[in-house]
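I opened my notebook to jot down what I could look up in this one. Pocket first, then a sheet.

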Amino acid sequence: MLRSEDPRFLRGEGRYLANLPLEGALHAVFVRSMMGHAGLNGVDAAAAARMPGVEAVWSAADVEGLPQIPPSGNVPELFAMPLLASERVRYVGEAVAVVLARTLEQAVDAAELVAVDYDPLPAVVGFDAALADDGELLFPAHGSNVCDVLDEERPESRGDDVLADAEVVVRGTFVNQRLAPVPMEPNAFAARPEEGGGLTVWASTQIPFDVRDDIAEALGLRREQVRAIAPDVGGGFGAKLVVYPEFVVLAKAALDLGVPVRWAQSRSESMTALTHGRAQRQRVAIGATRDGTITGLQVHLTQDLGAYPIGAYLAVTTAEMAGGVYRIPSIDVRGESIVTNASPVQAYRGAGRPEATALIERAIDLLAAELDMDPVALRRRNLIEPDAFPYDTGLGPVYDSGEYARALDTVLGLAGYEDLRAEQARRRSAGGPIRLGIGISTYVETTAFAGKEWGSVEVHDDGTVTALTGSSSHGQGHETAFAQLVSGALGVGFDSVTVVHSDTAKVKMGNGTYASRSLQLGGSALWEQSLAVIDEATRLAAEDLEVAIDDVALADGVFGVVGAPDRHRSWSQVAQLARAAGGALSSEGRFAQRESTYPFGAHIAVVEVDTGTGDARLVRHVSVDDCGRILNPMLVQGQVHGGLAQGIAQALYEEVVYDEQGNPLTSTLSTYAMPSAAELPAFENASTQTPTPHNPLGVKGIGEAATIGSTPAVQNAVIDALSDLGVRHLDLPLSPERIWRALRAAAGTDGTGQ
């Protein structure tokens, strides 16, 4: 089934927010801090306010009294993020003021005249600076840059005891670098005042109901007074899970000024004002017996949350998934989350799970090298076996189902692993400058996070169907998947089903889209409501046909009497019967999944590394991903391809970099090395299907899986290519300079031959 969304996108008819017709709207441009850390002595907007077309210039005083963006988790409220900075700015890109003008050009010109009086402060950049005993503090009243600590009373925490049974212990420190999400569509928002004091808002968001609720609460409105719409959203990747300060400021501006307002980020603005991802340091020790049986894992995490800790759950998620797909009897995970003078860190495709897979998969390869074992053999020895499910990790998660060895065996066969090792040995013997590396990654992740989603199915008098879902699409193919699901359940044509989502005036409730939850929660809700509609339609048809309910069956889209196929009622006829009885043929409700699901898989990356230049090129990537039962293979493949591109990009190219003053050095796409298709090989993908018992469809998530599995496979491959030259570990991204310097260090030279 091809994606029904694609024709309008290919024709240029997508409904993106920047193209929204909004008559009379003022254009907003935010004045953003050019300093990483400074006291804020004042904002002078007088000159800007006199510019042609300018209707208003607001600073912190104009939004005083509105609630700030709260920190997450157990972080104290003093870490809240202001709507517009006052007293202090904490990262380059933080909003200080906003200009509202009749044209975008007028707003841009006026914004340049807003004078901000800064008092520079030392910037806190990186893990060590944040943790220094005598370092600068972002929030002096707290007394520390540590804003949250991983719970030391977790039942699995045993300190050094986790390594007591080990005959071999390997230690390493890994950095999972800071990333920018770079969605195709940057952040955008619009608001229009309505009669009666309400608002209609449009947001490029993954969570329209949260946008509605938070704006209503902030402005003292009832929820029903705010209508939130997410039109076509050009990618989110977790960065659009935030109700940004800009949303609240502009919603208030629309109410106060009585006119619509609109805003769309530029790309360079998005690189600093949209939340970042990853930014984690991991100190890892793994212990094993000499035959390769893992006995314990010890991890200390430091999570950089940037200037405002709105993503404090990230370290917890990493901690919970640190054991990966392996039987590890003793695991201890501790750590802290810190604030630094950088853009806030929040969810980014995988949100803590990619970091967990990266740490355990690097640790496994280090252990294999220490034991002189093939990394495949070491993994196979320690995989959780199929008869162990449901498997309690001792860290909180209980894995639902899995066949980890099957996924590993499948990917080894597809890649031709033995032949690859033979080719690697041949090249090493030949001694050429181009080295072959083979990297393996086995992974498990958690999806849906045990939640609920709402759905509704209604059959109309003409036999067409409307499906409403609280799940929101930002490129996944919801309109195709949900129409396919409902049409299959009801036995009607795919084209007769209309899927409605992302509009709080049309959809009763919803939790949005994140954590690869859409099909297993939103889809299961629509499946259950479809079955309820079938039950009611069967009752109506039986009553009209004057037969018992058990004598009526749905087949080929009609309700027929068993044994008398000429006696039947169509969906249209049954819907009309319901209407005649004073109601609609419909059902609505919420599906609750009480446990998370745990997709898994195995990846093999094959790289060539030029030892003269340090250039690493991915020449093959083979993946086997298991997301439970597959509804639409094409949609799954699309999610896998996109996930692979992002995971490989992290391994080889992408990194957000700040200088010592907190200035971003990678704030445009000319400096932030996001790859294009030209840097990626053709992907080789396959799937296994291990259904989950936690929902009626047997499905798990796929949106983040390939990202999680691919990064450590590529990282392991590059290090494998250089392992015989003395390179033990390289942090991400594996840039030519980083590889070249590591090779020179291993050879005992400084790069000049000295």
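**Notes on a pocket and a sheet**

I started with the lining of the second largest pocket: by class, I get 18 nonpolar, eight polar and four charged residues. A reminder to myself that this is a predicted model.

How big is the second largest pocket in volume? I noted about 750 Å³. Next I looked up who sits closest to the centre: out of 30 lining residues, these are V29, F30, R32, S266 and E269.

Then I checked which elements give two or more residues to that lining, and I wrote down β1 (26-32), α3 (104-111), β6 (115-120), β12 (261-264) and α7 (267-273). Strand β1 supplies the largest share, with six residues.

On to the sheet. I traced five strands in the order β7-β15-β14-β13-β8, making an open sheet with mixed pairing.

I zoomed in on one pair: β13 (residues 277-288) and β14 (residues 294-304) run antiparallel, and nine bridges join them. In that pair I found A288 opposite I294 of β14.

Last entry: helix α9 (residues 353-371) packs on this sheet and touches β8, β13 and β14. The direction of α9 makes about 145° with that of β8.

Definitions and conventions: Residues numbered from 1 in each chain as written. Predicted model: local features only at pLDDT ≥ 70, side-chain atom pairs only at ≥ 80, totals over all residues. Heavy atoms only, no water. Pairing = 2+ DSSP bridges. Helix = DSSP H or I, 4+ residues; strand = E, 2+ residues; numbered from the N terminus. Contact = heavy atoms within 4.5 Å. Axes fitted to C-alpha atoms, helices over the stretch in contact; angles between N-to-C directions. 1 Å grid on protein atoms, 1.4 Å probe; cavity = no way out; pocket = protein on both sides within 12 Å on 5 of 7 lines; lining within 4 Å. Points joined across faces, edges and corners; volume = space filled by probe spheres on them. Nonpolar A, V, L, I, M, F, W, Y, C, P; charged D, E, K, R; others polar.
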